[in-house]
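Reader: I'd like to go through the labels used for this model one by one. Please set each value against its cut-off.

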Amino acid sequence: MKDSIRKDKRRKESLKMNFFYHNAWRLSHKYSSMLMNNIENENYYELSNMYYSQFMNELHQRGYNTDRNYVQVWETMINTGSRDSIRLLHQTSIQRSN
């Protein structure tokens, strides 16, 4: 009986973490879509920093883990700073959010 209770707790925790992971990718898709709408803007780098900050702020507000690959993709885009890196971020967000 005790083992089944522990299994249920672990299963519940695993489902919760999986739910958070997929919701974080949906957030990434939301902000990368906004960024893609402004990719031809001459201030695209400043916009990318703004959307990155908003994305991170929303992750913190929701209590999601910020040590996961959805944050790493954004950090890579910020460090690269090119339009191609924005496109790659958006493509990755689309693939992972589905």
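Author: What follows takes the labels in turn, for a model that is predicted.

Reader: Start with helix 2. How do you know that its length fits its residue count?

Author: Helix 2 runs over residues 44-62. At 1.5 Å a residue, its 19 residues should span 27 Å. The end C-alpha atoms are 27 Å apart, so the two values agree.

Reader: Why is Arg 62 called partly exposed?

Author: Arg 62 has 42% relative accessibility. Buried needs under 20%, and exposed needs over 50%. The value for Arg 62 lies in between, so Arg 62 counts as partly exposed.

Reader: What makes the link between Arg 62 and Glu 58 a polar contact?

Author: The distance. The side chains are joined at 3.0 Å, and the cut-off is within 3.5 Å. Glu 58 is in helix 2. The side chain of Glu 58 also makes a polar contact with the side chain of Lys 30, at 3.5 Å.

Reader: Is Glu 58 buried or exposed, and how do you know?

Author: Buried. Its relative accessibility is 12%, and the limit is under 20%. Leaving out residues up to four places away in sequence, Glu 58 touches Leu 27, Lys 30 and Tyr 31.

Reader: Which other residues of helix 2 are buried?

Author: Among them are Tyr 44, Leu 47, Ser 48, Tyr 51 and Tyr 52. Phe 55, Met 56 and Leu 59 are on the list too.

Reader: What makes up the largest nonpolar core?

Author: This core has 22 residues. Those with the most contacts inside it are Leu 35, Phe 55, Leu 59, Tyr 70, Trp 74 and Met 77. Helix 1 (2-37), helix 2, helix 3 (69-80) and helix 4 (83-97) each give two or more residues to this core. The largest share, seven residues, comes from helix 2. As a general point, nonpolar side chains in soluble globular proteins tend to be buried together.

Reader: What does Leu 59 contact, beyond its neighbours within four places in sequence?

Author: Leu 59 is in contact with Ala 24, Leu 27, Tyr 64, Thr 66, Tyr 70 and Val 71.

Reader: Now the rings. How many aromatic pairs are there, and why is the pair of Phe 20 and Tyr 64 called tilted?

Author: The structure holds seven aromatic pairs. For Phe 20 and Tyr 64, the centres are 5.0 Å apart and the planes are at 35°. Stacked needs under 30 degrees, and edge-to-face needs over 60. Phe 20 lies in helix 1 and Tyr 64 in the loop between helix 2 and helix 3, so the pair ties together parts 44 residues apart in sequence. Phe 20 is partly exposed at 23%, whereas Tyr 64 is buried at 8%.

Reader: What makes the pair of Tyr 31 and Phe 55 edge-to-face?

Author: Its planes are 65° apart, and the label needs over 60. The centres are 6.2 Å apart, and pairing requires them within 6.5 Å. Tyr 31 lies in helix 1 and Phe 55 in helix 2, so this pair ties together parts 24 residues apart in sequence. Tyr 31 is buried at 6%, and Phe 55 is buried at 0%.

Reader: Which residues do ring pairs link into a cluster?

Author: Tyr 31, Tyr 52, Phe 55 and Trp 74.

How values were computed. Residues are numbered from 1 along each chain as its sequence is written. This is a predicted model: local features need pLDDT of at least 70, side-chain atom pairs count only at pLDDT 80 or more; totals for chains, interfaces and linings use all residues. Side-chain values use heavy atoms; hydrogens and water are left out. Helices (H or I, at least four residues) and strands (E, at least two) are DSSP runs, numbered from the N terminus. Buried means under 20% relative accessible area, exposed over 50%, partly exposed in between (1.4 Å probe, protein chains only). A polar contact is a pair of N or O atoms within 3.5 Å; within protein, one must be able to donate a hydrogen and the other to accept it, and residues adjacent in sequence count only if both atoms are side-chain atoms. A nonpolar core is a set of buried Ala, Val, Leu, Ile, Met, Phe, Trp, Tyr and Cys residues joined through side-chain atoms within 4.5 Å. Contact means heavy atoms within 4.5 Å. Rings of Phe, Tyr and Trp (its six-membered ring) pair if their centres lie within 6.5 Å; planes under 30 degrees apart count as stacked, over 60 as edge-to-face and the rest as tilted. The expected span of a helix is 1.5 Å times one less than its number of residues.
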